[in-house]
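Let's take a walk through a protein model together.

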Amino acid sequence: MTLSPKARESLLGLVRRSLAESAARLSAISKTSWDVPSLEVSTGSAEEGLSLPAGKDGGSHYGVYFIIPGGVFLVLYPQESGAAVAHAFMSGLGSEAKALPDLEPSALGEVSNILINTVSSAIGDACGMLVFLSAPEVRKGDRTELSHSAFDRLVVREDPSVVVGRAEMASPDLPGRCSVFFALNSAMAGQLAGALEG
Amino acid sequence: MGLRVLIVDDNQVARLLLSSMLSMAGHEPVAEAENLKSTLAAYQKHFPDLVTLDLSLAEGDGLTVLRMLRKLDSGARVLIVSGNTQRQVMEQVMKEGALGVLAKPFTAEDLAKSLEGIEPR
């Protein structure tokens with residue numbers, strides 16, 4: 001399956017609007033402005049999707065995964081950015097709660113849920129189906145390893161036509177940034193493309 | 001007079017933040033739950049004035065929990081507190097008897113506005 005030019009443009013528009021809302025949500029959380037400097041959507045085999053660019057970031061990252069039927073989402077934070085975002089999110093907690101051990105992964109799971117729900121909600125509305133994100137799974141590791149692991153969750157290694165979206169989000173003032181990935185298997189992508197073309 | 005509130009959310013920090021905001025506003029978070037089973041058990045034990053319910057849960061989804069709570073007690077008062085703002089989901093939860101929806105992220109003022117008019121049992 002390939003996306004028609006109309007479906008591709010519609011999908012890009014849908015994701016762009018959703019991530020603009022995500023940026024507004026992150027801005028409300030961190031009290032700093034966020035934007036989306038890059039966004040792309042591509043189609044191809046799962047193997048092609050697996051060759052996600054490693055990016056220039058070395059070092060440890062937080063990866064937060066969510067599953068929906070036929071799709072997987074991943075938010076990647078360089079460790080320092082993840083810590084800054086988690087700290088901003090937890091600023092309203094009392095000192096007693098902040099003293100609890102290692103709340104950082106839990107905070108990033110919640111922030112990422114708030115961020116990704118805009119995209120999953122838009123996909124659900126476009127397809128005419130109710131979509132609920134899974135609970136987040138938060139892992140730490142190398143960026144490339146975490147990216148590849150997203151596709152294992154979708155079980156699409158043999159899928160000939162996945163749709164992959166990639167975006168960067170950044171807040172220069174926090175400072176913080178994250179990468180957003182999503183992949184839809186051929187069944188889900190076909191349903192979405194049909195809806196966007198109709 | 002404050003409300004006795006059961007907080008249902010799979011995320012620990014989300015529960016801590018909401019509990020803190022509710023306490024600051026003079027309400028009493030009586031229990032927390034993160035899945036259907038623990039929610040139903042806590043509801044029967046505490047019979048709260050209000051349940052705040054997230055839609056993304058570790059086991060199942062919030063819509064199922066809403067249905068089960070309303071089946072258990074047709075007078076159960078449930079406020080959806082979620083990052084999920086899908087139009088069709090919102091229509092469905094209101095149809096299933098939710099009091100309203102508070103979208104994440106929210107401020108203490110947003111929360112207070114959502115709770116306006118809700119009285120203790």
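## Some ground rules

A residue is called buried if 20 or more other C-beta atoms lie within 10 Å of its own, exposed if 12 or fewer, and partly exposed in between, with the C-beta atoms placed from the backbone. Helices (H or I, at least four residues) and strands (E, at least two) are DSSP runs, numbered from the N terminus.

This is a predicted model, in which local features need pLDDT of at least 70 and side-chain atom pairs count only at pLDDT 80 or more, while totals for chains, interfaces and linings use all residues. Residues are numbered from 1 along each chain as its sequence is written, and chains are lettered from A and ligands numbered from 1 in the order in which they are written.

## The sheet of chain B

Start with strand 4 (residues 78–82) of chain B: four of its five residues are buried, so this strand is largely enclosed by the rest of the structure. Which strands pair with strand 4 of chain B? Strand 3 (residues 50–53) of chain B pairs with strand 4 in the parallel sense over three bridges, and strand 5 of chain B pairs with strand 4, also in the parallel sense, over four bridges. Two strands count as paired if DSSP finds at least two bridges between them.

Zooming out, five strands of chain B form an open sheet with parallel pairing, in the order 2-1-3-4-5. Strand 2 (28–33) and strand 5 (100–103) of chain B are at the edges with a single partner strand each, so one side of each has no neighbour in the sheet.

## The sheet of chain A

Chain A has seven helices and six strands. Its open sheet of six strands has the order 1-5-6-3-2-4, and here the pairing is antiparallel. The edge strands are strand 1 (35–44) and strand 4 (137–142) of chain A, each pairing on one side only.

Strand 1 and strand 5 (residues 162–171) of chain A form an antiparallel pair over eight bridges. Within that pair, look for A:Leu39 opposite A:Ala167.

Now find helix 5 (residues 104–127) and helix 7 (residues 186–197) of chain A. Helix 5 and helix 7 of chain A pack with their axes 8 Å apart, at an angle of about 70 degrees. Here axes are lines fitted to C-alpha atoms, for helices over the stretch in contact, and angles run from 0 to 180 degrees between N-to-C directions. Helix 5 and helix 7 of chain A are therefore roughly perpendicular to each other (angles under 35 degrees count as roughly parallel, over 145 as roughly antiparallel, 65 to 115 as roughly perpendicular and the rest as oblique).

Where they meet, A:Ile123, A:Ala126 and A:Cys127 in helix 5 face partners in helix 7 including A:Leu192 and A:Ala195. Residues are in contact if their C-beta atoms, placed from the backbone, lie within 7 Å.

## Core and interface

A nonpolar core is a set of buried Ala, Val, Leu, Ile, Met, Phe, Trp, Tyr and Cys residues joined through C-beta atoms within 7 Å. The largest one has 87 residues, and among those touching the most other members are A:Leu74 and B:Val51. Helix 5 of chain A gives the most to this core, with nine residues.

How many residues of chain B are in contact with chain A? There are 23, and they meet 25 residues of chain A. Helix 1 (12–24) and helix 4 (87–95) of chain B each give two or more residues to the side of chain B that touches chain A; helix 1 of chain B gives the most, with six.

Methods
Contact = placed C-beta atoms within 7 Å.
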